[in-house]
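I opened this notebook to record what I looked up in the structure. The entries follow in the order in which I made them.

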Amino acid sequence: METDLKTLLRKHGVQLTKAYGQNFLTDQDLLAEIVEKSAIDSQTAVLEIGPGAGALTRAISQKAKKVIAYEIDTRLKPILEETVGDRKNVQVVFKDVMKEKLSVLEDKLGEDYVMVANLPYYITTPIVMNFLENSSRIKALVIMVQKEVADRFTAKEGCSDYGAITVGINLRGSAKEILYVPREKFTPAPNVDSAVVKIDIDKEKFSGVDLKKVREVVKCAFGNRRKMLVNNLMNFYKIKREQAEKALLDSQISLTARGETLSALDFVNLANNLG
Ligand code: SAM
């Protein structure tokens with residue numbers, strides 16, 4: 001398949017570009033494992049971001065109900081035509097996904113969906129945050145990220161990897177690493193190993209809670225993560241020490257706590273008690 005990819009690229013005169021993070025997967029067993037661990041079945045609508053040469057798209061389309069795939073690089077059009085053109089349940093949209101309105105994208109899907117993305121690392125976090133914060137239709141996100149980012153997404157409270165993104169995920173659901181992918185599985189091989197993380201959304205989790213307000217407290221707590229939370233609260237909300245301490249005590253959080261020790265539930269309680 002590696003040869004197939006090289007043949008395809010040569011045939012269509014396409015040179016992969018770092019600018020779009022074009023490191024492609026070719027190992028059929030690995031692709032099948034990603035799809036299997038994503039729990040995609042014939043009832044699942046899939047939003048794929050960055051189909052590339054279509055290897056993962058094809059593997060997904062063989063299991064899924066339908067796939068809407070966003071690809072920024074129009075040079076890949078003839079290649080995708082060749083690799084997934086015969087798949088009736090695949091629609092490729094040639095557009096920067098960052099420039100697509102969520103409502104337009106979700107209208108195309110027309111139902112709840114699972115996102116699958118193997119993206120350049122620099123846009124992964126903004127994309128994940130955007131869907132976590134603004135989508136009510138997403139059921140799960142299956143994302144390939146560099147191993148260090150996977151550790152951040154799945155970190156437990158109190159670890160150095162635990163941060164605003166971890167809490168952001170835990171406010172909507174939970175994340176787990178489902179697959180480790182060494183760098184040599186990509187063509188060309190990047191400088192880092194990767195992992196696939198699956199974030200399952202639990203629509204009932206914290207339903208009725210003003211998550212916007214909670215995210216503001218999270219931002220405040222991690223804005224200066226080495227500082228004690230009480231000081232961050234005073235600075236951010238321009239409140240007196242007594243007020244900040246009362247909110248912490250009412251939330252059963254230690255007065256000397258730092259943001260990195262708080263669970264998503266602690267943040268919800270704290271946002272409530274800050275009034
Ligand atoms: N899914 C393929 C695979 O696993 O082999 C390709 C993955 S490659 C790491 C990332 C793909 O995302 C490339 O095809 C790139 O052109 C595309 N891409 C990068 N930025 C994008 C964006 N903003 N919107 C849509 N696609 C993008």
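I began with the buried residues of helix α8, and I list them as Ile165, Thr166, Val167, Gly168, Ile169, Asn170, Leu171 and Arg172. Buried means under 20% relative accessible area, exposed over 50%, and partly exposed in between (1.4 Å probe, protein chains only). Helices (H or I, at least four residues) and strands (E, at least two) are DSSP runs, numbered from the N terminus.

I note that the model is predicted: local features need pLDDT of at least 70, side-chain atom pairs count only at pLDDT 80 or more, and totals for chains, interfaces and linings use all residues. Residues are numbered from 1 along each chain as its sequence is written, and side-chain values use heavy atoms, with hydrogens and water left out.

Helix α8 spans residues 164-172, and eight of its nine residues are buried.

Two strands pair if DSSP finds at least two bridges between them. Strand β2 (residues 45-49) runs parallel to β3 and is joined to it by five bridges; Val46 has Val67 of β3 as its bridge partner. Strand β4 (residues 90-94) also pairs with β3 in the parallel sense, over five bridges, and there I found Tyr70 opposite Val93.

Finally, I placed Ile72 in the loop between β3 (66-71) and α4 (77-84). Ile72 is partly exposed, with a relative accessible area of 33%.
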